[in-house]
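This briefing covers a strand arrangement and the nonpolar cores of one protein model. Please keep the sequence and structure open while reading.

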Amino acid sequence: VQERAKGAREALRLARQEALRGTLIGQRNDATAAASRLQQNLEKAEEEEAKLLNLRADAAAKQITKKEVAKLVECDQAVREANIKLQAVATRVRFELLDGVQVEVLGSGKSQKLTGQSELLLHSETILNLPGVGSLRISPGGEDLSELDRRHRDAVQTLVETLQGLGVLDLAAAQQRLQDVNDLTAQIKLAEQLVRSLAPKG
């Protein structure tokens, strides 16, 4: 009887040992799997952090604000309005030249050659050189015209300076850049959320 009891105790001890061993192996496997998942999350978080840094760098390089674009819209509109007013009161010269005849036009610091049928809108003193005939000096009159011309030049200068200050070629480029910045900002927020979910404690 004692032998049987001793054998039973030994069998029980071995069974408990085996059960404990199985439990420990299971825990070890769970811990290994958890460590593997954590490592994968860490690697993914580092990858997403690198993407996030790139997005932030892109956004910083393209930085432009709604206020800056709104100012540019105002400058562009001022140029258009000044140009419309200037063209409305400019002296209009239409001419038709015979084949082979050309007229040189000197005005506003520029020179150009015209042939055939053409039309000029003059808002400042202009000289027409007529080959074999001489020249015509046309001086559009009125203080309004010179004031409108000055306003137009000032508006153009302000627009050019604003474009240069923002580092864009035109209003459309500025608007596209603002859209790009808005898109990047949204991508940055999503990337930040993803990084936080992958590595909540940093």
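**Sheet and cores in a predicted model**

Strands β5 (residues 126-130) and β6 (residues 134-138) run antiparallel and are joined by five bridges. The model is predicted, with local features needing pLDDT of at least 70 and side-chain atom pairs counting only at pLDDT 80 or more, while totals for chains, interfaces and linings use all residues. Residues are numbered from 1 along each chain as its sequence is written, and side-chain values use heavy atoms, leaving out hydrogens and water.

**Sheet**

- Helices (H or I, at least four residues) and strands (E, at least two) are DSSP runs numbered from the N terminus, and two strands pair if DSSP finds at least two bridges between them.
- β5 and β6 form a hairpin with three residues between them, and Gly132 in the turn has a positive phi of about 75°.
- Leu130 stands opposite Gly134 in β6.
- Strand β2 (residues 102-107) runs antiparallel to β3, with six bridges joining them; Gly107 stands opposite Lys110 in β3.
- The open sheet has four strands in the order β3-β2-β5-β6, with antiparallel pairing.
- β3 (110-115) and β6 are at the edges with a single partner strand each, so one side of each has no neighbour in the sheet.

**Nonpolar cores**

- A nonpolar core is a set of buried (under 20% relative accessible area, 1.4 Å probe, protein chains only) Ala, Val, Leu, Ile, Met, Phe, Trp, Tyr and Cys residues joined through side-chain atoms within 4.5 Å.
- The largest core has 14 residues, and Ile64, Leu72, Leu159, Val168 and Ala174 have the most contacts inside it.
- Helical elements α2 (66-89), α3 (143-166) and α4 (171-198) give two or more residues to this core.
- Another core, of ten residues, lies apart from it and includes Val93, Val105, Leu114 and Ile138.

Conventions. Buried means under 20% relative accessible area, exposed over 50%, partly exposed in between (1.4 Å probe, protein chains only).
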